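Keep the structure in view while reading.

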Amino acid sequence: MISRQILTFAAVGVVNTATYYVLYLLFLTWLPYLAAHILAFLISMIGSFFLTARFTYRTRPTWRKFLLFPLTNATNFLITTAGVYVIVDVLHAGSRFAPLLASAAAIPVTFLVSRRIMLSRRPETEPIA
């Protein structure tokens, strides 16, 4: 079961990363790189919640899980944002591929935290329609 979850989590992660990256490149045409990163991250996180609930953990998306899900990405957000900053401003590398490189370190932690929230044994709240 957990091996299926890990594989599905990885597949959802690929879809989420592709969505994020396309949005990042789109926003990068008219926003500074950090603003493009933050906006793309927030939008892709919403899609990631529904994909993770449905395909990775096969659980109903509830308001409680939806409200807690950003916590699963807090570490991811901090690591990727710091990584993007370091790659672009400290290492003076290009901003186009910085998010892809920075996101790799956050994947294992995000899986563990999301698994804990999505498979919580607490009573369910209203499902998201």
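The model is predicted. Start with the contact of α1 with α5. On the α1 side, I2, Q5, I6 and F9 take part; they meet I107, T110, F111, S114 and R115 of α5. By class, this contact has five nonpolar, three polar and one charged residues. The axes of α1 and α5 lie 11 Å apart, at an angle of about 120°. The crossing of α1 past α5 is right-handed.

**Helix pairs**

Two packed helices are described by the angle between their axes and the distance between the axes. The table sets out these values.

| Helix pair | Angle between axes | Axis distance |
|---|---|---|
| α1 and α5 | about 120° | 11 Å |
| α1 and α2 | roughly 150° | within 8 Å |
| α3 and α5 | about 165° | 8 Å |

Turn to α3 and α5. Helix α3 covers residues 63-90 and helix α5 covers residues 107-118; their packing angle is about 165°. That makes α3 roughly antiparallel to α5, as angles over 145 degrees count that way. Here, too, α3 passes α5 in a right-handed crossing. Which residues of α3 meet α5? They are K65, L68, F69, L71, T72, N73, T75 and N76. Their partners in α5 are V109, T110, V113, S114, I117 and M118. This contact of α3 with α5 has seven nonpolar, six polar and one charged residues.

Next come α1 and α2. Helix α1 spans 2-28 and α2 spans 33-56. Their axes cross at roughly 150°, and the two helices are therefore roughly antiparallel to each other. The crossing of α1 and α2 is right-handed. The residues of this contact divide into 17 nonpolar, nine polar and one charged.

**The largest pocket**

How much space lies in the largest pocket? About 450 Å³. The lining has 24 residues; closest to the pocket centre are G13, N16, T17, N76 and I107. Two of these names have come up already.

Which helices supply the lining of the largest pocket? α1, α2, α3, α4 (98-103) and α5 each give at least two residues. The largest share, eight residues, comes from α1. By class, the lining has 11 nonpolar and 13 polar residues, and no charged ones.

Terms used:
Residues are numbered from 1 along each chain as its sequence is written. This is a predicted model: local features need pLDDT of at least 70, side-chain atom pairs count only at pLDDT 80 or more; totals for chains, interfaces and linings use all residues. Side-chain values use heavy atoms; hydrogens and water are left out. Axes are lines fitted to C-alpha atoms, for helices over the stretch in contact, and angles run from 0 to 180 degrees between N-to-C directions. Helices (H or I, at least four residues) and strands (E, at least two) are DSSP runs, numbered from the N terminus. Angles under 35 degrees count as roughly parallel, over 145 as roughly antiparallel, 65 to 115 as roughly perpendicular and the rest as oblique. A crossing is left-handed if the near helix is turned anticlockwise from the far one by less than a right angle, and right-handed if clockwise. Contact means heavy atoms within 4.5 Å. Ala, Val, Leu, Ile, Met, Phe, Trp, Tyr, Cys and Pro count as nonpolar, Asp, Glu, Lys and Arg as charged, and the others, Gly among them, as polar. On a 1 Å grid over the protein atoms alone, a cavity is a set of points where a 1.4 Å probe fits but cannot get out, and a pocket is an open set with protein on both sides within 12 Å along at least five of seven lines; lining residues have an atom within 4 Å of a point. Grid points are joined across faces, edges and corners, and a volume is the space filled by probe spheres set on the points.
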